Every structure is written in structure tokens, then in C-alpha cells.
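Here are a few friendly notes to read alongside the structure. Take them one at a time, and find each residue in the viewer as you go.

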Amino acid sequence: MIPIYKDDDKKVVSNYRPISVLPVFSKILERLVNNKLINFLNKYNILSVNMAVEKLFTTLPLLDLVDKLTTSIENSEITIGIFIDLAKAFDTVN
């Protein structure tokens, strides 16, 4: 792990993020596992059509969400949204 400086005070540990330097073999293995997983999920139709997979964008799931919210509001249904920001979920230094 190599700590990479993000911003603000360089003396504060939380302003660094760990970067893992992986060997080429692990990158190849990761690609193989990813391809097998995607093929499996596609073969057995496990994922919804609206899920962002491979080269699909996140626009389709967002449009689906807006459509469902609009329909709920028009039908006078109670609508609740819970949104979680995971932007800093993995910004930890060991």
C-alpha cells in the first residue's frame, strides 16, 4: 500500500488514501473472474435490465427511478427515498 495525498493538511492522516500496487498476474486474474461473473449473471438473467453493467450507463436506472417516483406522486402514494453517499467509504489508511 502506498499512501497518496488527497488535499488539505499533509500532516493529517485522513487526507491520504491507500493505493494498492498490484502485480500484473492479479490484474489478469481479476479480469478473468470479472468476465466469468458477468457471463454467469447474464446467462441466468440474475440482473435487472435496468442495472448498470459493463458498458451501460447509469442513466437508465435514474430514468426508471424518476418514472416510478412520478407515478407514485400522481397516484397520491407515499414515497420515501433513502440515499447513501459512499464517496468516502473506502478512504481509509491502514
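1. Please start at the surface, and keep in mind that this is a predicted model. Val 24, Phe 25, Ile 28, Leu 29, Leu 32 and Val 33 together make a nonpolar surface patch of about 630 Å².

2. Which helix does Val 24 lie in? Val 24 belongs to helix 1, which covers residues 24–43. Val 24 has a relative accessible area of 60%, and it counts as exposed because that value is over the 50% cut-off.

3. Next, look at the rings. How many aromatic pairs does a search of the whole structure find? The search finds 2. Phe 40 and Tyr 44 form an aromatic pair with 4.9 Å from centre to centre. The planes of these two rings stand at 55° to each other, and the pair is described as tilted. Phe 40 itself is partly exposed, at a relative accessible area of 44%.

4. Another ring to find is that of Tyr 5. The charged end of Lys 10 sits over this ring, 5.0 Å from its centre.

5. Finally, step back to the whole protein. There are 2 helices and 2 strands, and their order from the N terminus is β-β-α-α. Of the 94 residues, 5% count as buried. The accessible surface comes to about 8800 Å², and carbon and sulfur atoms account for 63% of it. Among contacts between residues at least 6 apart in sequence, 17% join residues at least 24 apart.

Methods. Residues are numbered from 1 along each chain as its sequence is written. This is a predicted model: local features need pLDDT of at least 70, side-chain atom pairs count only at pLDDT 80 or more; totals for chains, interfaces and linings use all residues. Side-chain values use heavy atoms; hydrogens and water are left out. Patches are made of residues with over 30% relative accessible area and no salt bridge: like charges are joined within 9 Å, nonpolar side chains (Val, Leu, Ile, Met, Phe, Trp, Tyr) within 5 Å. Accessible areas come from the Shrake-Rupley method with a 1.4 Å probe; for residues, only the protein chains shown count as cover. A salt bridge is a side-chain nitrogen of Lys or Arg within 4 Å of a carboxyl oxygen of Asp or Glu. Helices (H or I, at least four residues) and strands (E, at least two) are DSSP runs, numbered from the N terminus. Buried means under 20% relative accessible area, exposed over 50%, partly exposed in between (1.4 Å probe, protein chains only). Rings of Phe, Tyr and Trp (its six-membered ring) pair if their centres lie within 6.5 Å; planes under 30 degrees apart count as stacked, over 60 as edge-to-face and the rest as tilted. A charge sits over a ring if NZ of Lys or CZ of Arg is within 6 Å of the ring centre and within 35 degrees of the ring normal. Contact means heavy atoms within 4.5 Å.
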